[in-house]
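Look at the sequence and the model shown here. Then work through the questions in order.

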Amino acid sequence: MPTLYRFITEDDTSQFCHRVSEALSKGWRLQGDPSMAFDAARGVMRCGQAVTKEVEAEYHPDMKLGQQ
């Protein structure tokens with residue numbers, strides 16, 4: 001059973017929390033700590049969170065990970 005990996009990124013807004021919460025509701029699991037960095041070009045903080053999920057399907061690079 002392959003393990004899929006995603007890194008969810010978003011500006012530091014509630015949308016980031018919603019995207020991570022949606023992934024968790026679909027069976028993804030948090031992998032490590034969240035990260036934050038300042039995007040100087042845009043003048044905003046950015047957040048990131050790695051998530052993983054074991055799936056029955058065979059991995060293929062064309063998979064839409066967010067839909068798994």
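The questions below go from the sheet to single side chains.

This is a predicted model, in which local features need pLDDT of at least 70 and side-chain atom pairs count only at pLDDT 80 or more, while totals for chains, interfaces and linings use all residues. Residues are numbered from 1 along each chain as its sequence is written, and side-chain values use heavy atoms, with hydrogens and water left out.

Q: In what order do the three strands of the open sheet lie?
A: Strands are DSSP runs of E with at least two residues, helices are runs of H or I with at least four, and both are numbered from the N terminus. Two strands pair if DSSP finds at least two bridges between them. The pairing in this open sheet is antiparallel, and the order is β1-β3-β2.

Q: Why is one side of β1 and of β2 left without a neighbour in the sheet?
A: The order of the strands is β1-β3-β2. β1 (3–11) and β2 (29–39) each have a single partner strand, so one side of each is left without a neighbour, because both stand at the edges.

Q: By how much are neighbouring strands of this sheet turned against each other on average?
A: Axes are lines fitted to C-alpha atoms, for helices over the stretch in contact, and angles run from 0 to 180 degrees between N-to-C directions. For neighbouring strands of this sheet the direction is ignored, and the average turn is 20°.

Q: How many bridges join β2 to β3?
A: β3 covers residues 44–54 and runs antiparallel to β2. In this pairing A37 stands opposite R46, and M36 stands opposite C47. The number of bridges joining β2 to β3 is eight.

Q: Which residue in the turn of the hairpin has a positive phi?
A: The hairpin is formed by β2 and β3, with four residues between them. The phi in question is about 70°, and the residue is G43.

Q: Which residue in β3 is the bridge partner of R6?
A: β1 and β3 pair in the antiparallel sense, over nine bridges. For R6, the bridge partner in β3 is V51.

Q: At about what angle does helix α1 run to β1?
A: Helix α1 spans residues 14–25 and lies across β1, β2 and β3. Contact means heavy atoms within 4.5 Å. The angle of α1 to β1 is about 160°.

Q: Is D11 buried or exposed?
A: D11 is found in strand β1. Buried means under 20% relative accessible area, exposed over 50%, and partly exposed in between, with a 1.4 Å probe and protein chains only. The relative accessible area of D11 is 17%, so D11 is buried.

Q: Which side chain has a polar contact of 2.7 Å with D11?
A: A polar contact is a pair of N or O atoms within 3.5 Å; within protein, one must be able to donate a hydrogen and the other to accept it, and residues adjacent in sequence count only if both atoms are side-chain atoms. The side chains of D11 and R46 are joined by such a contact of 2.8 Å. The one of 2.7 Å joins D11 to R42.

Q: Which residues do salt bridges that share partners join into one network?
A: A salt bridge is a side-chain nitrogen of Lys or Arg within 4 Å of a carboxyl oxygen of Asp or Glu. One of them links D39 with R42, the closest N and O atoms being 3.7 Å apart. The network is made of D11, D39, R42 and R46.

Q: Which residue forms a salt bridge with R19?
A: R19 is partly exposed, at a relative accessible area of 26%. The closest N and O atoms of the pair are 3.1 Å apart, and the partner of R19 is E10.

Q: How many disulfides does the structure hold?
A: A disulfide is a pair of cysteine sulfur atoms within 2.5 Å. The structure's count of disulfides is zero. C17 is in no disulfide, and the nearest cysteine sulfur, that of C47, is 7.2 Å away. The number of disulfides is therefore, by the cut-off of 2.5 Å, zero.

Q: Is C47 buried or exposed?
A: C17 is partly exposed, with a relative accessible area of 48%. For C47 the relative accessible area is 8%, so C47 is buried.
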